[in-house]
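My entries follow in the order of the look-ups.

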Amino acid sequence: MTTPVPRPGKIIALHLNYPSRAAQRGRVPDQPSYFLKPPTSVASSGDVLEQPAGTELLGFEGEIALVIGKTARRVAPEDGWAHVAAVTAANDFGVYDLRHADKGSNLRSKGGDGFTPLGPVLLPAEFVDPAALRIRTWHNGDLVQEDTTAGLLFGFGRLVADLSQLITLEPGDVVLTGTPAGASVAVPGDVVEVEVDTLGGLTTGRLVTHIGEGTVPFGPFGAQPRADEFQRAEAYGTTEPGFALTDSLRARIESVSTATLSSQLRKRGYNAVSIDGLTSTRPGGRLTGLARTLRYLPYREDLFRKHGNGYNAQKRVIDSLGPGEVLVMEARGERGTGTVGDILALRAQVAGAAGIVTDGGVRDIAAVTALAIPTYHAGPHPAVLGRRHVPWDVDIAISCGGATVCPGDVIVGDDDGVLVIPPDLVEEVVGAAIEQELQERFIAEQVAAGERVEGLYPMSEHWLGKYYAWKDSNAFPLQPPADPRLDRTSDDPVHR
């Protein structure tokens with residue numbers, strides 16, 4: 001069987017577009033972002049896709065593909081859909097084991113031969129409402145993805161218009177429009193099917209891909225496959241599914257101090273989650289956001305020549321920062337040079353990033369301090385990056401100030417310091433911290449009124465009764481619901 005789009009001039013794929021996927025990833029993009037896939041990646045329904053030898057994370061993503069019908073250059077969003085000839089089903093396959101090698105380009109991880117099956121039938125755009133399409137994906141017969149285009153972050157016409165600002169879209173070009181939640185991993189012997197249909201009953205039919213097993217290993221002259229727990233979680237879609245740092249959750253986090261949050265983390269056995277030795281450029285301010293990560297290697301001349309100049313990993317990750325994200329840098333505690341300066345810090349601020357955290361130095365400290373974005377750092381230094389560092393990896397697990405930081409971790413900072421909170425603990429820890437501070441507020445009022453701390457700190461049953469009556473008589477808008485896991489009668493009080 002042949003594909004209905006045998007060899008597009010170009011294939012452009014969108015990163016995030018479905019709210020369900022954005023929630024799964026823990027971030028909502030402000031603007032669309034894209035990557036290219038080679039025309040040689042196109043495959044047909046019924047084809048066998050080999051999982052490359054030595055890899056374990058062949059991810060599938062059911063998508064709706066737009067097929068461009070007439071040339072688009074600098075078109076308006078309201079005119080974008082008029083340049084689409086048809087839609088069809090697509091599967092945006094990728095090998096997460098090679099993401100480390102792409103430095104953000106997705107070329108090797110998503111550009112392999114056969115990694116973009118299309119078809120089997122084109123639905124003419126004139127018979128399609130772009131806001132009333134359904135996308136479904138089956139993995140070995142089980143329905144694993146189902147969503148509609150009614151609530152897309154970026155409509156199809158807008159995507160065509162945005163791309164056409166710089167890139168001429170030509171007839172036959174394909175635009176992949178993002179995947180909903182539910183994308184996961186396929187292994188040899190599996191079958192993955194994708195279908196796009198309309199409310200009126202038109203359908204592309206099922207795009208079928210059989211997964212085979214590759215036998216030819218990667219040669220020693222290129223990057224080798226490498227999987228870690230973060231990539232496994234990303235590939236299987238288990239990176240805190242459904243977690244989002246909402247405005248209400250952010251307000252609850254910022255209603256309590258990092259000292260109290262640290263106490264609650266310690267009660268749960270987390271004793272190595274503080275990023276130590278840093279100073280903030282915004283004393284008195286707060287930092288709350290989701291971690292993006294950057295790792296520097298110690299300076300080596302040949303590596304810096306290859307990786308340190310031009311549009312390096314440092315600049316790429318700063319350009320890719322989104323609203324509410326915190327760039328956390330592993331600089332090995334090296335204070336003898338800068339890891340960020342005023343221009344890049346300004347770029348992060350304009351992008352809407354929540355903050356910057358580095359266990360290394362900062363250049364242009366006066367200018368960085370004048371910015372609104374908080375930067376936590378180990379100290380100022382006038383030297384440029386290349387004196388001690390080579391920018392290397394982004395969005396991997398790193399070490400910063402003695403703490404492990406994974407992409408998507410919640411970063412919280414104030415004048416006491418910076419904490420790393422695993423997303424699955426945030427609600428529990430914040431609720432307990434709010435309760436702890438309410439108790440300590442009550443205790444402080446009693447001490448100020450002349451009461452002894454004996455029996456009060458920690459509270460005896462007598463004082464607990466008075467505390468509950470006090471709490472019930474006051475309005476605390478951020479007060480958490482009662483949680484039986486909270487230990488209000490501990491004999492080991494945690495001092496702030």
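In what sense do β6 and strand β13 pair, and over how many bridges? I found that β6 and β13 (residues 174–176) pair in the antiparallel sense over three bridges. Two strands count as paired if DSSP finds at least two bridges between them. In β13, leucine 176 is the bridge partner of alanine 65.

I noted the basis of the entries. This is a predicted model, in which local features need pLDDT of at least 70, side-chain atom pairs count only at pLDDT 80 or more, and totals for chains, interfaces and linings use all residues. Residues are numbered from 1 along each chain as its sequence is written, and side-chain values use heavy atoms, with hydrogens and water left out. Helices (H or I, at least four residues) and strands (E, at least two) are DSSP runs, numbered from the N terminus.

Entry on β6. I looked up the other pairing and found seven bridges joining β6 to strand β7 (residues 84–91), which run antiparallel. Isoleucine 68 stands opposite valine 84 in β7. I then checked burial, where buried means under 20% relative accessible area, exposed over 50%, and partly exposed in between (1.4 Å probe, protein chains only). Seven of the seven residues of β6 (residues 62–68) are buried, so the strand is largely enclosed by the rest of the structure. Gly62, Ile64, Leu66 and Ile68 point one way from β6, while Glu63, Ala65 and Val67 point the other way.

Entry on the open sheet. I read five strands in the order β4-β16-β15-β11-β12, with mixed pairing. β4 (48–51) and β12 (142–148) stand at the edges with a single partner strand each, so one side of each has no neighbour in the sheet. I took the twist as an average of 20° from one strand to the next. β11 (residues 133–139) and β12 run antiparallel and are joined by six bridges. Arginine 136 stands opposite glutamate 146 in β12.

Entry on the helices. I found that the axes of α8 (residues 258–267) and α13 (residues 426–448) come within 9 Å and cross at roughly 120°. That makes α8 oblique to α13; angles under 35 degrees count as roughly parallel, over 145 as roughly antiparallel, 65 to 115 as roughly perpendicular and the rest as oblique. The contact (heavy atoms within 4.5 Å) includes Thr260, Leu261 and Leu265 of α8 and Val429, Ala433 and Glu437 of α13.

Technical notes:
Axes fitted to C-alpha atoms, helices over the stretch in contact; angles between N-to-C directions.
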